[in-house]
Amino acid sequence: MPLLSLTHISKSYREPGSDAAVSVLRDISLDIQAGESVAIVGPSGCGKSTLLNILGTLDSPDAGEYVFDGESIAACPVTRLAELRSEKIGFIFQLHHLMPQCTVLENVLLPTLALKSRPAAAVLRQRAESLLASVGLHDRLAWKPAQLSGGERQRVAVVRALINQPKVILADEPTGALDEKNAEALTTLLLDLQKTTGISLVMVTHHPAQAARMGRVLTMHEGSLH
Ligand code: ADP
Ligand code: MG
């Protein structure tokens, strides 16, 4: 059974100020297996973020079925969706969205506050420190985001996405605000983590060179996947 399974998914938005519906996703069917790495590429505005938001249960389709890890998403109450997101999905965005007033360690531990059954604080701290060490940030635990470089901030965001040991990382243009060298390093990091931990990685990217490094590359065009 695939980890993520979309069947005949469609989505449209109402055009602001009119009744016209704009079709964004058209009849998308997609299976992603546990441990797979997948790139989603395509021109700006073609629906990549909409698709990723549906995969992340942050948005819902108008039609079609989404089954995540054996659970039918349409049948889940919002409380279950919140639980499922905290336990099983790690999100990374183009901008790091770290809390400026919190230290690196505090930022990394934030998603653990939402866990229904939370491991002991010492266990979580140990996990956070070991993950931060694995991305080369062992000596930055007490630093604030403003004191870090752009590449370092994105690495903290990666660790924050991993802290609850999710089954999948959904990354929406995670290298979009980085220069080429840092973009390449971040993709290397995500792929290393995907291989060593066996989680799935779905990455939207504008960089063809980064996309080509994923196990599978899907191209979106006018709301369809090829
Ligand atoms: P991409 O990530 O590929 O750039 P998006 O998924 O963000 O594309 O957007 C796809 C299309 O849907 C765009 O035309 C965008 O304007 C439109 N869109 C996205 N979100 C909304 C919304 N909340 N309301 C109306 N239109 C939206
Ligand atoms: Mg987008």
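The exercises below, each with a worked solution, concern a predicted model and treat its open sheet and its pockets.

**Exercise 1.** Work out which strands stand at the edges of the open sheet of four strands.

*Solution.* Begin with the order of the strands, which is S2-S1-S4-S5, with antiparallel pairing. Next, look at the two ends of that order: strand S2 (21-32) and strand S5 (71-72) each have a single partner strand, so one side of each is left without a neighbour in the sheet, and these two stand at the edges.

**Exercise 2.** Describe how strand S1 is joined to S2, and state which helix lies across S1, S2 and S4.

*Solution.* Strand S1, residues 4-14, runs antiparallel to S2, and eight bridges join the two. To find one such link in the structure, take arginine 14, whose bridge partner in S2 is alanine 21. Then turn to helix H1, residues 48-55, which lies across S1, S2 and S4 and runs at about 125° to S1.

**Exercise 3.** Characterise the largest pocket by its space and its lining.

*Solution.* The space in this pocket is about 300 Å³. Its lining has 15 residues, and those nearest the centre are Arg85, Ser86, Ile89, Phe91 and Pro111. Sorting the lining by kind gives nine nonpolar, four polar and two charged residues. Finally, helix H2 (78-88), strand S6 (89-92) and helix H5 (150-162) each supply at least two of the lining residues.

**Exercise 4.** Identify the strand that gives the largest share of the lining of the second largest pocket.

*Solution.* This pocket holds about 160 Å³ of space, and its lining includes Gly64, Glu65 and Tyr66. Strand S4, residues 63-68, gives the largest share, three residues. The lining as a whole divides into seven nonpolar, three polar and two charged residues.

Note on methods
Residues are numbered from 1 along each chain as its sequence is written. Chains are lettered from A and ligands numbered from 1 in the order in which they are written. This is a predicted model: local features need pLDDT of at least 70, side-chain atom pairs count only at pLDDT 80 or more; totals for chains, interfaces and linings use all residues. Side-chain values use heavy atoms; hydrogens and water are left out. On a 1 Å grid over the protein atoms alone, a cavity is a set of points where a 1.4 Å probe fits but cannot get out, and a pocket is an open set with protein on both sides within 12 Å along at least five of seven lines; lining residues have an atom within 4 Å of a point. Grid points are joined across faces, edges and corners, and a volume is the space filled by probe spheres set on the points. Ala, Val, Leu, Ile, Met, Phe, Trp, Tyr, Cys and Pro count as nonpolar, Asp, Glu, Lys and Arg as charged, and the others, Gly among them, as polar. Two strands pair if DSSP finds at least two bridges between them. Contact means heavy atoms within 4.5 Å. Axes are lines fitted to C-alpha atoms, for helices over the stretch in contact, and angles run from 0 to 180 degrees between N-to-C directions.
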